[in-house]
Amino acid sequence: MPSDLLEHKIFSIDGTPPSDSAVENYSKLRLLSLKVDPASFGSTYEREVAFSKDIWFKRLSSPFKQTFISSVRDDDGNDRWVGTVTILAPSELLPSTVEPFQRAGAAEDWDLYFLVAMWVHPEYRGKGLGKELVAAGLEWARNNRDPKDDPQGNREKVIALLVRDHNIGGRALYEKMKFEYLVGVASDDEKDLWMTVKCS
Ligand SMILES: CC(C)(COP(=O)(O)OP(=O)(O)OC[C@H]1O[C@@H](n2cnc3c(N)ncnc32)[C@H](O)[C@@H]1OP(=O)(O)O)[C@@H](O)C(=O)NCCC(=O)NCCS
């Protein structure tokens with residue numbers, strides 16, 4: 001627990017279906033992240049602000065991914081959502097996402113998970129919330145059983161992510177969480193770096 005945040009919690013958006021308020025809060029948080037830090041993400045505010053409620057709803061309803069939220073209690077006693085990360089399990093991944101790993105022969109021995117949409121509100125950065133969110137995601141991946149995971153459990157569970165080379169904060173966070181740079185796997189943009197961590 002970050003020491004200087006007295007009223008703070010981290011939780012996953014559960015429930016099938018997710019509640020209307022969770023969908024509303026999440027869409028606001030995600031749109032804010034895209035607006036505040038456009039250079040950190042592959043998607044854009046302009047693209048996602050056009051999403052219907054149904055798209056946001058589906059985004060939070062898949063059994064093959066988990067979204068975590070960091071919230072703080074504000075002066076009025078309300079819980080304010082200030083951070084998020086999503087972990088995608090193998091069944092959630094598009095073939096085109098996995099293909100560069102297959103082409104590089106990098107994932108034969110892996111059950112490949114992805115970490116995406118990582119963000120902490122600027123007012124709350126540097127307090128350990130990012131590390132807590134990543135730790136929660138790693139823990140979920142470690143315990144998750146995906147239909148595409150190796151049933152014998154012989155493959156190693158690995159979480160991959162893309163980070164922009166100029167993203168000092170993101171790289172510092174992931175390095176602290178023991179992610180290592182992965183070379184030899186292509187990315188769409190040469191400014192994107194692959195990082196992976198084993199979480200079996
Ligand atoms: C990257 C981000 C999530 C970090 O969140 P955070 O809550 O500030 O991270 P933490 O407080 O848990 O810090 C994690 C570690 O990284 C270090 N760190 C974080 N930001 C840093 C920065 N800008 N420069 C240097 N180190 C930094 C911290 O010092 C800490 O190290 P420590 O354990 O030695 O103290 C946040 O800056 C952010 O949302 N950035 C914009 C969006 C983004 O880049 N997302 C990632 C896309 S791949």
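**Contacts with the ligand**

Mentor: A backbone N or O atom of K127 lies 3.2 Å from an oxygen atom of the ligand. Please bear in mind that the model is predicted.

Trainee: How much of the ligand's accessible area does the protein cover?

Mentor: On its own the ligand has 930 Å² of accessible area, and the protein covers 74% of this.

Trainee: Which elements give two or more residues to the shell around the ligand?

Mentor: They are β4 (110–120), α5 (129–143), β5 (156–164) and α6 (168–176). The largest share, seven residues, comes from α6. Of the 22 residues around the ligand, V120, G126, G128, K131 and N167 come nearest. By class, the shell has ten nonpolar, seven polar and five charged residues.

Trainee: Why are the buried residues of α6 said to line one face of the helix?

Mentor: The residues in question are G170, L173 and Y174, which are buried. Seen down the axis of α6, the buried residues fall within an arc of 90°, and therefore they line one face. On the other side of α6, I168 and K176 are exposed.

Trainee: What covers the buried residues of α6?

Mentor: The cover includes β4, α5, β5 and β7.

Trainee: Why is K178 called exposed?

Mentor: Exposed means over 50% relative accessible area. K178 has 63%, and is therefore exposed. K178 is placed in the loop between α6 and β6 (180–182). Although K178 is not a glycine, its phi is positive, about 75°.

**Buried and partly exposed residues**

Trainee: Why is A117 called buried?

Mentor: The term applies under 20% relative accessible area. A117 has 14%, so it counts as buried. A117 is found in strand β4, and has a positive phi of about 55° although it is not a glycine.

Trainee: R30 is a charged residue by class. Why does R30 count as buried?

Mentor: The relative accessibility of R30 is 5%, and the cut-off is under 20%, so the term holds. R30 belongs to helix α1 (residues 20–36). Apart from residues up to four places away in sequence, R30 touches F41, S43, E48, W56, R59 and A117.

Trainee: Why is L193 described as partly exposed?

Mentor: Partly exposed lies between the buried limit of under 20% and the exposed limit of over 50%. L193 has a relative accessible area of 23%, and therefore takes the intermediate term. L193 is found in strand β7 (residues 192–198).

Trainee: How do you know that L193 is in contact with residues beyond its sequence neighbours?

Mentor: Contact means heavy atoms within 4.5 Å. Leaving aside neighbours within four places in sequence, L193 is in contact with L161, L162, V163, D165, R171 and Y181. For one of these residues, V163, the C-alpha atom is separated from that of L193 by 5.2 Å, although the two residues are 30 residues apart along the chain.

Note on methods:
Residues numbered from 1 in each chain as written. Predicted model: local features only at pLDDT ≥ 70, side-chain atom pairs only at ≥ 80, totals over all residues. Heavy atoms only, no water. Helix = DSSP H or I, 4+ residues; strand = E, 2+ residues; numbered from the N terminus. Buried < 20%, exposed > 50% of the residue type's maximum accessible area, 1.4 Å probe, protein only. Near = heavy atom within 4 Å. Polar contact = N/O pair within 3.5 Å; in protein donor to acceptor, adjacent residues only side chain to side chain. Areas by Shrake-Rupley, 256 points an atom, 1.4 Å probe, with all protein chains shown as cover. Arc of directions from axis to C-beta.
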